[in-house]
Amino acid sequence: MLLYASKLCFIVMASKPQRIRHLVGATWQSAMKKARTMSTETHTESSMKDGFSKYADYLNNLNDKRERVVKASRDITMNSKKVIFQVHRMSKQNKEEVLDKAVKDLTAVTDQYLSRLIKELQGTDFWKLRRAYSPGVQEYVEAATLCNFCKTGTLLTLDEMNATLIPLSDPSVEPLQINILDYILGLADLTGELMRLAIGRISEGELDFAEKICSFVREIYRNLTLIAPEMDDSSDMKQKMETMLQSVMKIENACFSVHVRGSEYIPLLGPADTSYPLLGMPDIE
């Protein structure tokens, strides 16, 4: 019995160092694994912070740029309206003078305000910020096409308009080009200004010019009617098409009234007015 106890004690004493080494090894492996895990977590956390920091900087810069683009668009809108108001000051006596001043003002809008918008949008996705600058571009299209029609009697095309913007862009980056959507929306607004211009010309006795405007607006409406259902901004265009139809009808009714009921307009103009032949009525003694 004593011999058996001695052997058991010897076996336990012999196996204790091996068990200690095993425990030490397991503890070391656990510590190394935990250290690696902490290092990985720290690296992952650092990477996430860097990623979110980059995203935050990108969004902040984009918001700042959007604010600058909105400001530039407002300036373009305001000064383009001044060009339109200048055109409406036109009469038979000062037509060339007024139109030359309007063209000069439009050039100033292009060089001072539209160029600033172009610099902001160079190298960026134009469509990403389109909602910020679209109103200003539409108003610019409206002013440019109105001036061109009054000067030449023709429509200023999108390619001709974009050609004037190329010198304002940096040759090393993609230039800002007015997109077809903003051009069409601006063209739809043009008909409202042409309606006001036609009514003014009729009151001045320029019936031929008013009839020319009527034919021009009808042609624009007819062509836009074909493409409006296919446009992405159908809600905006739908409203503009309804307004455009009202403008066409107002011009037609005004021209029709002058032809059919011209005698009622003569007392308003006076017997010495030289516009009687334009009204289709003979001089009255």
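Helix 3 has 23 residues, which at 1.5 Å a residue should span 33 Å; in this predicted model its end C-alpha atoms are 31 Å apart, in agreement with that expectation. Of these 23 residues, 19 are buried, so helix 3 is largely enclosed by the rest of the structure. Just after helix 3, Gly153 adopts a positive phi of about 80 degrees.

The buried residues of helix 6 include Leu207, Phe209, Ala210, Ile213 and Cys214. Phe216, Val217, Ile220 and Leu224 are also buried there.

**Aromatic contacts**

The structure holds 3 aromatic pairs. Two of them are set out below.

| Pair | Distance between ring centres | Angle between planes | Geometry |
|---|---|---|---|
| Phe52 and Tyr55 | 6.4 Å | 85 degrees | edge-to-face |
| Phe149 and Phe216 | 4.4 Å | 25 degrees | stacked |

Phe52 and Tyr55 both belong to helix 1 (residues 2-87), where they are 3 residues apart, about one turn of the helix. Both of these residues are exposed. Their planes stand at 85 degrees, and the pair is therefore edge-to-face.

For Phe149 and Phe216, the planes are at 25 degrees, so this pair is stacked. Phe149 lies in helix 3 and Phe216 in helix 6; the pair therefore ties together parts that are 67 residues apart in sequence. Both Phe149 and Phe216 are buried.

Which residues do ring pairs link into a cluster? They are Phe149, Phe209 and Phe216. Phe209 also has a charged neighbour: Lys95 lies over the face of its ring, at 4.9 Å from the ring centre.

**Confidence of the model**

The mean pLDDT of the chain is 79, with 74% of its residues reaching 70 or more.

Where in the chain is confidence lowest, and where is it highest? The lowest value falls in helix 8 (residues 266-269), at a mean of 44, and the highest in helix 3 (residues 130-152), at 94. Helix 3, in which 19 of 23 residues are buried, is thus also the part with the highest confidence in the chain.

Definitions and conventions. Residues are numbered from 1 along each chain as its sequence is written. This is a predicted model: local features need pLDDT of at least 70, side-chain atom pairs count only at pLDDT 80 or more; totals for chains, interfaces and linings use all residues. Side-chain values use heavy atoms; hydrogens and water are left out. Buried means under 20% relative accessible area, exposed over 50%, partly exposed in between (1.4 Å probe, protein chains only). Helices (H or I, at least four residues) and strands (E, at least two) are DSSP runs, numbered from the N terminus. pLDDT is the predictor's confidence in each residue, from 0 to 100. Rings of Phe, Tyr and Trp (its six-membered ring) pair if their centres lie within 6.5 Å; planes under 30 degrees apart count as stacked, over 60 as edge-to-face and the rest as tilted. A charge sits over a ring if NZ of Lys or CZ of Arg is within 6 Å of the ring centre and within 35 degrees of the ring normal. The expected span of a helix is 1.5 Å times one less than its number of residues.
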